[in-house]
Structure formats: structure tokens, C-alpha cells
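Annotated spans follow at the end.

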Amino acid sequence: MSQNQLFPKLPLDSWVETIVDGLEENLGFLFDFISAGIGGTVDLFSWILTGIPFWALIILFTLLAYRAGKVAIALFTFIGLLLIQNLGYWEHSMETLALVLTAGLISVIIGIPVGVWCAKNDSVQKVVTPLLDFMQTMPAFVYLIPAIFFFGLGKVPGVIASVIFAMPPTIRLTNLGIRQVPADLIEASEAFGSTYWQKLTKVQLPIAKTTMMAGINQSIMLALSMVVIASMIGAKGLGADVYRAVTQIKIGEGFEAGLAIVILAILLDRLTQSVGKRKNA
């Protein structure tokens with residue numbers, strides 16, 4: 001025991017390792033199932049995005065941007081994606097996008113129901129809020145350790161770490177959006193005999209949609225940042241290019257890969273923001 005310690009050090013590290021070992025021993029089949037599902041989803045997105053000719057995807061994304069927002073967003077999408085293709089990072093950008101879409105999809109599938117549950121039950125909110133604080137304040141690199149242990153190296157642990165890191169905004173803002181629905185609207189829906197499901201889907205979720213889209217937007221941005229970090233454990237995409245450029249001190253290549261990430265980030269940010277505003281209109 002150190003002279004500066006008042007009592008012996010708690011074996012917290014040993015406790016955590018024991019818990020992780022127990023989970024791996026007893027729930028290994030579950031982790032294999034999750035790994036297969038996530039890996040298959042990433043492969044599906046990647047197959048679609050890399051299988052379609054780049055010019056067709058550029059046109060498709062430009063039309064989506066035009067439909068979702070303004071002409072400026074569509075013009076940025078067109079020029080930005082052309083630049084990515086010109087620099088030679090198209091395939092890696094699509095692999096990164098596949099990882100982000102998978103992580104974002106999982107975050108939404110889990111985050112929205114949990115956020116609704118928190119909004120409907122104060123006790124659940126009191127339990128979930130500290131967990132969200134923990135998930136958001138824990139350094140991102142720490143999530144890579146258990147992800148590697150349970151799922152090995154590659155894209156699957158990268159997606160898992162991204163989901164844990166990116167999901168809290170969706171839960172928080174779904175909870176906030178539903179709680180901010182005016183009480184008189186809820187009372188009116190109840191007066192007309194609405195069921196719980198009708199009140200949720202016809203009143204609360206539509207009104208809270210803008211706030212929820214803001215949470216989904218933040219989750220997608222966090223997923224993109226975490227996917228880049230996940231390149232350290234074998235996740236493919238632009239993050240691997242950045243990591244290689246850093247380790248080999250190739251400033252030019254690092255700038256090009258970083259620029260491609262910035263373009264994807266701005267594109268995803270503007271599209272999700274525009275969708276939220278458009279649906280609210």
C-alpha cells in the first residue's frame with residue numbers, strides 16, 4: 001500500500017476483468033449472433049454503396065440533398081462527392097458511410113424506444129440518465145477495449161464502440177422532445193378516446209420529431225467520429241487512411257483523407273437537419 005493511501009486500493013480492475021470473463025464464457029453465443037448480424041449489415045451497406053457506379057450515387061445523393069434542403073446543399077453534395085472520387089477515396093468513403101449508417105441505424109432502433117420509455121417513466125429516467133452520463137464522459141478509446149475482447153478486431157467492434165458512444169443524444173432528445181409536448185394536447189387526445197399507442201404515434205412523436213431529429217443528427221456525427229477512431233482496431237474506411245498517414249507522417253495523404261471525412265460529415269449533418277425541418281413544416 002502506498003504511503004499516500006489511507007486504505008488498500010480497491011481491486012476494481014480485477015472485478016471488471018472477472019465480469020468480462022464471465023460474460024464471454026456464458027454469453028459467447030450471443031456475442032457471435034450480434035457479430036454476425038452487425039457484420040452482415042455493414043457488408044450489405046458496403047456492397048450496395050460500392051456496387052453502384054460512383055456517378056449514379058453522386059446523382060442520387062445530389063437529388064436527395066435537393067429534395068431535403070436547398071440548392072446550396074445539393075451543389076455542395078455534388079462538388080464534394082466529385083472531389084472525393086477525384087482524390088481516389090471513393091471506395092473508402094463508402095466503407096466509412098456503411099459503418100456510420102449501421103451504427104446510426106442501431107442507435108436509432110435502440111435509442112428511440114429507450115427515450116420514449118424514459119419520457120413515460122420517471123424511475124426509468126433516473127436510472128438511465130447516470131448511464132448516459134457515463135457513456136458520454138468515458139474516453140472514446142476505452143470503448144475499444146471490451147469491444148475487442150468480445151468481438152475481436154475489424155468492423156464489428158468498431159460499430160459496437162460507435163453505438164455506445166453515439167447513442168446517448170438520441171435517447172436524451174427523444175425523452176426531452178416527448179416531455180415538452182404541451183399537456184393540453186395530450187389531454188385533448190385523451191378526451192377523444194385515444195389509446196396509448198395512438199396518443200404516442202399521432203400526437204407526441206410527430207410534435208417531438210424536430211427535437212428527436214436533432215438527437216439523431218448528433219448520434220450520426222458522433223458515430224462518424226468514433227468510426228474514424230475505430231480504424232485503430234481494424235475498421236476499414238477513411239479512418240484507416242488517416243491512421244496510416246499519422247503513423248507514417250504523410251501530411252498530404254492525411255489532409256486528403258481528413259477532407260473526405262469533413263465532406264461526409266457536412267453532408268450527413270445538413271441532410272439530417274434538413275429532413276428534421278422539412279418534416280416539421
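In this predicted model, the buried residues of helix H3 are Leu57, Ile58, Phe61, Thr62, Ala65 and Ala68. Viewed along the axis of H3, these buried residues fall within an arc of 135°, so they line one face of the helix. Trp55, Leu63, Tyr66 and Arg67 are exposed on the other side of H3. The helix comprises 15 residues, 54-68, and at 1.5 Å a residue it should span 21 Å; the end C-alpha atoms are 21 Å apart, which agrees.

Helix H3 also takes part in an aromatic contact. The count of aromatic pairs comes to one. Its members are Phe54 and Trp90, whose ring centres are 6.3 Å apart and whose planes stand at 70°; because an angle over 60 degrees counts as edge-to-face, the pair is of that kind. Phe54 belongs to H3 and Trp90 to helix H5 (residues 90-120), so the pair ties together parts that are 36 residues apart in sequence. Phe54 is partly exposed, with a relative accessible area of 31%, whereas Trp90 is buried, at 10%.

Trp90 is also one of the residues that touch the most other members in the largest nonpolar core, which has 64 residues. Leaving out residues up to four places away in sequence, Met226 touches Ala140, Tyr143, Leu144, Ala161, Ser162 and Phe165. Another core, of six residues, lies apart from the largest one; Val116, Ile178, Leu200 and Ala208 are among its members.

Val116 is in turn a contact of Thr174, together with Ile112, Gly115 and Met212, when neighbours within four places in sequence are set aside. Thr174 sits in helix H9 (residues 168-179) and is buried, with a relative accessible area of 0%.

The UniProt record, an unreviewed entry, places the feature "transmembrane region" at residues 44-64, 71-90, 96-119, 140-167, 220-239 and 251-268. The table gives values for some annotated spans.

| Span | Helix | Strand | Distance between end C-alpha atoms |
|---|---|---|---|
| Residues 44-64 | 90% helix | 0% strand | 21 Å |
| Residues 220-239 | 60% helix | 0% strand | 16 Å |
| Residues 93-272 | 84% helix | 0% strand | 18 Å |

Key: Residues numbered from 1 in each chain as written. Predicted model: local features only at pLDDT ≥ 70, side-chain atom pairs only at ≥ 80, totals over all residues. Heavy atoms only, no water. UniProt positions renumbered as here; feature names shortened; annotations may be inferred. Helix = DSSP H or I, 4+ residues; strand = E, 2+ residues; numbered from the N terminus. Expected span 1.5 Å × (residues − 1). Buried < 20%, exposed > 50% of the residue type's maximum accessible area, 1.4 Å probe, protein only. Arc of directions from axis to C-beta. Core = buried A, V, L, I, M, F, W, Y, C linked by side-chain atoms within 4.5 Å. Contact = heavy atoms within 4.5 Å. Phe/Tyr/Trp six-rings, centres within 6.5 Å; stacked < 30°, edge-to-face > 60°.
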